[in-house]
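Subject: Structure handover

Hi,

Here is the structure to look through. Please open it next to this email and follow along.

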Amino acid sequence: MRAQFVLSEIGVGLRRNLTMTFAVIVSVALSLGLFGASLLMRDQVSTMKGYWYDKVNVSIFFCNKNDADSGANCAKGAATQQQKNDIKAELNRLPLVQNVQYESSDQAYQHYKEQFGDTPVAGLVTPDQLPESFRVKLKDPTKFAVIKSAFSERPGVQEVQDQRDTVEPLFNLLNGMNIAALVVMGLMLVVALMLIVNTVRVSAFSRRRETGIMRLVGASSFYIQMPFILEAAIAGLLGAAFACVLIVGGKYVLVNNWLAKKIQVINFIGWDSVAAVLPLVLLIGLLMPALAAFFALRKYLKV
């Protein structure tokens, strides 16, 4: 009987505040959708970092005949074969080095042509302008400073370059987008909480006579508050369910059917990451409105 009464009160409350309840559902759906997308973007950035940092190398570029005026290391012209052999031998002795690959000027030119294709800049460079290099694969890519300090001042070495610097701006951009999404999500959560509190206040005011009677006949505070709390929880859960639909739809349409086909060099996150986020979104969608309603009732439900 009590359960039937509570359910009937929930139905009455939802019908009386239908517009505000809809606004709560929409705001919760958008905020939690952004929250889930932010978590997935963080996982994507971590996955991309692990993938690309594993691919990038440290490049030791040697002086060529065109670099006599580019610095003290190249003052004597192109690097000699003995200098290259000494550097390779030292690299192979270092425990942090996984492997060393030699790239000639012709190979560098071929890679350059593959990168720029038929663009106008492709014809601006000739093979003799591109330096020979060692591509050094490190066991720990963060130890680049060790290689730089050991070889950047060596005769015959033009430059020691960490290829992580090439991809780092992309990760910084993605992290910035993630932070922006979190800020917007926070603002949307604040709006959702304000709507929940306002909805609870209006609902409590419109049913103040009924709650007053319930108090007079000996009903407990928790029993009186239960319909209001469940109303907010149901609205939040519906919003969270819509957020899950948005997240799954975004993964399927935006990532799988568009980005994955357009950008094939990126290893995008799988459905297991999405499945790990959805329960958290549902849990927050259920608990956040319920707690907001509980604390709001302590102020507005005084009978």
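Phenylalanine 294 is partly exposed, at 31% relative accessibility. (Buried means under 20% relative accessible area, exposed over 50%, and partly exposed in between, with a 1.4 Å probe and protein chains only.) This is a predicted model: local features need pLDDT of at least 70, side-chain atom pairs count only at pLDDT 80 or more, and totals for chains, interfaces and linings use all residues. Residues are numbered from 1 along each chain as its sequence is written, and side-chain values use heavy atoms, with hydrogens and water left out.

Where does phenylalanine 294 lie? It lies in helix α9. (Helices, H or I with at least four residues, and strands, E with at least two, are DSSP runs numbered from the N terminus.)

Phe294 also belongs to a nonpolar patch on the surface. Helix α9 (residues 271-300) gives the largest share of the patch, eight residues. Patches are made of residues with over 30% relative accessible area and no salt bridge; like charges are joined within 9 Å, and nonpolar side chains (Val, Leu, Ile, Met, Phe, Trp, Tyr) within 5 Å. The areas come from the Shrake-Rupley method with a 1.4 Å probe, and for residues only the protein chains shown count as cover.

The whole chain

The chain has nine helices and four strands. From the N terminus on, their order is α-α-β-α-β-α-β-α-β-α-α-α-α. Of its 303 residues, 40% count as buried.

Aromatic pairs

How many aromatic pairs does the structure hold? It holds three. Rings of Phe, Tyr and Trp (its six-membered ring) pair if their centres lie within 6.5 Å; planes under 30 degrees apart count as stacked, over 60 as edge-to-face and the rest as tilted.

Take tyrosine 102 and phenylalanine 134. Their ring centres are 6.1 Å apart and their planes stand at 70 degrees, so this pair is edge-to-face. Tyrosine 102 is in strand β2 (residues 97-103) and phenylalanine 134 in strand β3 (residues 133-138), so the pair ties together parts 32 residues apart in sequence. Tyrosine 102 is partly exposed, at 39% relative accessible area. Phenylalanine 134 is buried, at 4%. Phenylalanine 294 and phenylalanine 295 form an edge-to-face pair too, with 5.3 Å centre to centre and 75 degrees between the planes.

Ring pairs also join Phe62, Tyr102 and Phe134 into a cluster. Phenylalanine 62 sits in strand β1. It is buried, with a relative accessible area of 0%. Phenylalanine 62 and leucine 130 are 68 residues apart in sequence, yet 9.6 Å apart in space, C-alpha to C-alpha.

One more ring to find: tryptophan 271. The charged end of lysine 251 sits over this ring, 5.6 Å from its centre. (The rule is NZ of Lys or CZ of Arg within 6 Å of the ring centre and within 35 degrees of the ring normal.)

Salt bridges

There are three salt bridges in the whole structure. A salt bridge is a side-chain nitrogen of Lys or Arg within 4 Å of a carboxyl oxygen of Asp or Glu.

- Glutamate 132 meets lysine 84 at 2.5 Å, N to O. Glutamate 132 is in the loop between α4 (105-116) and β3, and lysine 84 is in helix α3, 48 residues apart. Lysine 84 is buried, at 7% relative accessibility.
- Arginine 154 meets glutamate 90 at 3.0 Å, N to O. Arginine 154 is partly exposed at 21%, and glutamate 90 is partly exposed at 28%.
- Glutamate 103 pairs with arginine 135, with the closest N and O atoms 2.6 Å apart. Glutamate 103 is in strand β2 and arginine 135 in strand β3, so the bridge ties together parts 32 residues apart in sequence. Glutamate 103 is buried at 6%, and arginine 135 is buried at 17%.

The disulfide

The count is one disulfide. The cut-off is a pair of cysteine sulfur atoms within 2.5 Å. Cysteine 63 and cysteine 74 form the link, with their sulfur atoms 1.8 Å apart. It is left-handed, with -70 degrees about the S-S bond. Cysteine 63 is buried, at 2% relative accessibility. Cysteine 74 is buried, at 2% as well.

Best wishes
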